[in-house]
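Please read them alongside the sequence and coordinates.

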Amino acid sequence: MKVYRTDEIRNVVLLGHGGSGKTSLVEAMAYVSGATNRMGKVADKNTISDFDKEEQKRGFSLSTTLTPIEWEKAKINVLDTPGYFDFVGEVEEAVSAADAAVIVVSGKAGVEVGTEKAWALCDKYDLPRMVYVTEMDVDDASFRQVVQDLTNKFGKVIAPHFQPIRENEKLVGYVNVIKNAGRRYTGLGQREECEIPDYCKPNLEMYREKLLEAVAEISDEYMERYFAGDEFSVEEIRSAMRTEVMEGSIVPVAMGSNIQAQGVANLLSDIVRFFPSPDWRECAGINRKTNEIYEANYDFARAKSAYVFKTMVDPFIGKYSFIKVCSGVLKGDDTLYNADTDTDEKLGKIYTMFGNKPVEVSELFAGDIGAIAKLTATRTGDTLSTKTTPVLYGKTEYSKPYTYMKYVTKNKGDEDKVSQALQKMMAEDVTLKVVNDSENRQALLYGIGDQHLEIAVSKLLDRYKCEVTLETPKVAFRETIRKQSDVDSKYKKQSGGHGQYGHVKMRFAPSGDLETPYEFDEEVVGGAVPKNYFPAVEKGLQESVVKGPLAGYPVVGVKATLYDGSYHPVDSSEMAFKTATIQAFKKGFMEASPVLLEPIVSVKVTVPDEYTGDVMGDLNKRRGRVLGMTPVGAGNQIVEADVPMTGLFGYCTTLRSMTGGRGTYEYTFARYEQAPSEVQDAEIAKRAAEE
């Protein structure tokens with residue numbers, strides 16, 4: 001592939017609801033541009049983007065892929081993202097590297113939750129955007145309805161500049177609103193001029209009026225001409241649209257059929273015409289040497305630097321670090337410095353990726369997107385730069401995973417193999433996380449949702465031949481006491497030679513501090529228990545609080561006081577006093593009104609206004625206490641509540657089904673509270689069954 005200068009590059013992310021047609025749009029783009037000589041289909045499992053076995057099995061995208069398309073002397077780096085919410089980390093990676101977005105909407109399904117989320121992401125990253133309506137060849141598709149719904153949802157910025165010509169419920173051509181001219185399709189991706197049918201004219205007038213009104217707002221001169229009834233030339237309209245698209249004050253709407261490759265050539269031309277090249281956007285980091293701001297701004301004349309926005313780890317083709325060049329021109333023989341890990345990385349060859357096929361390139365200009373193979377010390381979010389100008393760019397913000405399950409390795413001895421495989425998967429997927437919960441002796445796998453975890457387990461088996469099962473995790477309960485107790489414990493053993501003798505009298509009471517397991521105090525008078533045995537008594541306490549007598553959970557908030565006892569000059573030992581203390585603790589704990597404490601988390605649920613009642617009702621069912629609501633704009637509310645940790649299992653799925661996928665939540669640990677008696681009884685019974 002030839003080398004492109006910064007001003008010839010367009011970095012475009014495809015966003016939209018799952019199943020809206022992003023992957024098939026990439027196929028059509030590649031075919032129309034001549035990059036491929038046939039179009040793959042998702043159903044046939046032969047698309048450029050969905051090359052992973054798991055994607056082919058399920059029929060939808062799981063990760064972001066890069067497909068460079070050459071069109072009208074420009075290179076369009078197309079980033080195809082998953083539409084399902086569990087893979088939002090992949091979308092966030094792509095959006096951080098893009099300079100503009102095409103929001104794909106199905107002409108049949110219309111505006112969906114994924115469309116709203118895509119729009120919100122573009123707002124967050126300040127991306128110019130266009131809407132592309134797919135499936136216009138389907139019987140019940142309605143372009144007019146989609147435009148109406150988009151306008152109702154997102155306002156007057158929506159400006160259709162193509163209109164379908166349909167006959168017998170089939171897409172046969174289109175009207176170019178800018179040129180005010182009709183085109184009829186003659187073959188796959190081919191077209192010729194035609195008359196505009198009468199039935200198209202009412203909508204055409206409306207769309208054209210809207211477009212010209214938007215163009216007129218570009219300047220006072222244009223406004224005067226518009227009111228005077230002057231016609232704008234096609235070039236004037238396009239020039240004004242480019243300015244307004246880049247400012248975000250207009251969002252053009254195009255349409256077509258991916259399967260018939262209709263409307264795709266127009267979309268590619270629009271991307272080149274209306275979308276900015278990378279040097280239009282600002283890009284700044286910190287120079288580690290001078291601690292000053294380094295303004296890279298995708299200037300190819302500055303020192304080399306690049307940001308690693310994604311990592312691909314494939315068992316067959318190896319590890320590839322996807323980079324966006326922030327300044328300078330990267331060449332294959334460069335050695336760059338990783339300021340995050342303080343290591344030098346020799347690049348070797350540099351590539352652009354065509355799906356999962358690496359295509360070697362001699363150099364990458366600032367603003368271009370490419371990949372480097374086998375960087376050993378470089379991870380997603382790292383910056384590569386020169387040693388003389390070491391730069392650090394801000395890391396992308398990713399959604400935090402809150403859904404978790406316990407995972408159990410199926411075959412004994414596979415633990416290391418599973419651990420290594422999960423490390424590779426976490427390098428690739430920033431929203432997948434493994435936590436070793438030593439306290440409850442369990443390994444936890446965190447993800448964005450239940451489907452995310454299920455697919456991770458499936459990938460483990462498929463890619464790395466590691467089998468694990470997901471189970472409901474143990475909750476980190478605690479045990480404590482509510483009253484006081486006084487116990488006398490003697491450990492005596494005689495069996496030839498030295499015997500064992502330890503005798504302690506101890507009081508147990510609540511310490512009032514639920515942060516620390518125990519407090520130890522001694523009030524022994526007259527050497528009833530010699531001082532040199534005090535550490536042994538404390539060791540007995542240390543061992544006892546690890547696994548409480550009630551249900552086997554760690555103990556907190558106990559004050560233990562040794563006030564008396566006795567010893568034997570020959571038979572007493574540290575071991576004997578430790579054992580006597582362990583016995584005393586068990587007895588004293590169970591006599592001091594023991595209770596189970598459960599972890600309480602502070603939950604923030606962000607939902608549209610109309611769902612707040614349902615959400616609060618559901619939180620109450622989960623034994624939650626709703627604390628209040630805060631409006632956060634755009635018709636959303638944050639519902640705050642304290643909920644027991646046990647009440648959050650399966651919450652992600654419930655919240656999504658309750659709010660049509662619009663609700664999100666986050667939580668932080670708040671405190672421990674006494675568990676209700678039914679919860680306590682169930683845990684004690686569970687422990688008894690395990691034993």
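**Notes on the model**

1. In this predicted model, the centres of domain 3 and domain 4, taken over C-alpha atoms, are separated by 41 Å. Domain 3 covers residues 407–471 and domain 4 covers 478–592. The remaining parts of the division are domain 1 (7–280), domain 2 (284–393) and domain 5 (598–689).

2. How do helices α8 and α9 cross? Helix α8 spans residues 234–247 and helix α9 spans residues 264–274; their axes come within 9 Å and cross at roughly 75 degrees. Because angles of 65 to 115 degrees count as roughly perpendicular, α8 is classed as roughly perpendicular to α9.

3. On the α8 side, the contact is made by Arg238, Met241, Arg242, Val245 and Met246. Helix α9 contributes Val272, Arg273 and Phe274. Sorted by class, the contact of α8 with α9 has five nonpolar and three charged residues, and no polar ones.

4. Is Thr23 buried or exposed? This residue lies in helix α1, which runs over residues 22–32. Its relative accessibility is 7%, so Thr23 counts as buried, the cut-off being under 20%.

5. Leaving aside residues up to four places away in sequence, Thr23 touches Val42, Thr47, Ser49, Asp50, Ser61 and Asp80. With Ser61 there is also a polar contact: the side chains of Thr23 and Ser61 are joined at 3.0 Å.

Key: Residues are numbered from 1 along each chain as its sequence is written. This is a predicted model: local features need pLDDT of at least 70, side-chain atom pairs count only at pLDDT 80 or more; totals for chains, interfaces and linings use all residues. Side-chain values use heavy atoms; hydrogens and water are left out. Helices (H or I, at least four residues) and strands (E, at least two) are DSSP runs, numbered from the N terminus. Buried means under 20% relative accessible area, exposed over 50%, partly exposed in between (1.4 Å probe, protein chains only). A polar contact is a pair of N or O atoms within 3.5 Å; within protein, one must be able to donate a hydrogen and the other to accept it, and residues adjacent in sequence count only if both atoms are side-chain atoms. Contact means heavy atoms within 4.5 Å. Domain bounds come from an automatic or database domain assignment. Axes are lines fitted to C-alpha atoms, for helices over the stretch in contact, and angles run from 0 to 180 degrees between N-to-C directions. Angles under 35 degrees count as roughly parallel, over 145 as roughly antiparallel, 65 to 115 as roughly perpendicular and the rest as oblique. Ala, Val, Leu, Ile, Met, Phe, Trp, Tyr, Cys and Pro count as nonpolar, Asp, Glu, Lys and Arg as charged, and the others, Gly among them, as polar.
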